[in-house]
Structures are given as structure tokens and as C-alpha cells.
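User: I would like to learn how to read the features of a model like this one. Please take them one at a time, with the general idea before the case.

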Amino acid sequence: MTPKPVALPPDVARWLRSGVALVTALILLQLLWELVLAPVRPGGSWLALKALPLALAWPGLARGSPRARFVVLLLLLPYFAEAMTRAVAE
């Protein structure tokens, strides 16, 4: 038996849509950064695979799954730490 979808208030639905859009932009930025803009090695590197965990959580996030939102929330801290490390180092 599948649960019935719950109608969300418009402001909550808007925040969920913007969260999905921002995670999509982060995935694309990571791929673009590691393959084209500033790869560690010329021609791209395997570090582009770091976008994979977010890409795997993306379908659940697009469905509005609370578990997927929690997973993405936990994943954002290491991505932020890595971005700050590379910003200081480069």
C-alpha cells in the first residue's frame, strides 16, 4: 500500500523546488570545475566522481523525500569543507 501524497503549502513547495535546483547546480558546478575549469590534472581528474553521492540522492530529493533531504544535508558539510580548503590552497 502506497502512502497518499500530501499537499504541501505553496511556500514549502517553493523551498523544496529551489533546494532541488541548487543541488542540481552544485552537481553541475562540481563536474564542470573538476573536468574543465580547474582540474587537478590537465584533461580532468577522477575527482569529478565526488559529485556522485549528490547525484544519487537527487531523485529522492526531487520526490521530496525527507530521508533524501537529510542525506543531502549531511553531504553538504564535507563539500563545503573541501571548497574552503581548495579556496585557501589555490
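**Helices, burial and salt bridges**

Analyst: Helix H1 has 28 residues and spans 37 Å from its first C-alpha to its last, close to the 40 Å expected at 1.5 Å a residue. The expected span is 1.5 Å times one less than the number of residues. Helices are DSSP runs of H or I with at least four residues, numbered from the N terminus. This is a predicted model, in which local features need pLDDT of at least 70 and side-chain atom pairs count only at pLDDT 80 or more, while totals for chains, interfaces and linings use all residues. Residues are numbered from 1 along each chain as its sequence is written, and side-chain values use heavy atoms, with hydrogens and water left out.

User: Which residues of H1 are buried?

Analyst: Buried means under 20% relative accessible area, exposed means over 50%, and partly exposed lies in between (1.4 Å probe, protein chains only). In H1 the buried residues are Ala13, Val20, Val23, Ile27, Gln30 and Glu34. Their cover includes H2 and H3. Gln30, for one, has a relative accessible area of 8%.

User: What does Gln30 touch?

Analyst: A contact means heavy atoms within 4.5 Å. Leaving aside residues up to four places away in sequence, Gln30 touches Lys50, Ala51, Leu54 and Tyr79.

User: Which residues of H3 are buried, and what do they pack against?

Analyst: H3 has 24 residues and reaches 35 Å between its end C-alpha atoms, close to the 34 Å expected. Ala68, Val72, Tyr79 and Arg86 are buried in H3, and the buried residues of this helix pack against H1 and H2.

User: How many salt bridges are there?

Analyst: A salt bridge is a side-chain nitrogen of Lys or Arg within 4 Å of a carboxyl oxygen of Asp or Glu. By this rule there are 4 salt bridges. One of them joins Lys50 and Glu34, with N to O at 3.0 Å. Lys50 sits in the loop between H1 (10-37) and H2 (52-63) and Glu34 in H1, so the pair ties together parts 16 residues apart in sequence. Both Lys50 and Glu34 are buried.

User: What other salt bridge does Glu34 form?

Analyst: Glu34 also pairs with Arg86, the closest N and O atoms being 2.3 Å apart. This pair links distant parts of the chain, 52 residues apart, with Glu34 in H1 and Arg86 in H3 (residues 66-89).

User: Where does Glu82 come in?

Analyst: An α-helix has 3.6 residues a turn, so residues three or four places apart point the same way. Glu82 forms a salt bridge with Arg86 at 3.5 Å between the closest N and O atoms. The two are 4 residues apart in H3 and thus separated by about one helical turn. Glu82 is partly exposed at 27% relative accessible area, whereas Arg86 counts as buried at 16%. Through shared partners, salt bridges join Glu34, Lys50, Glu82 and Arg86 into one network.
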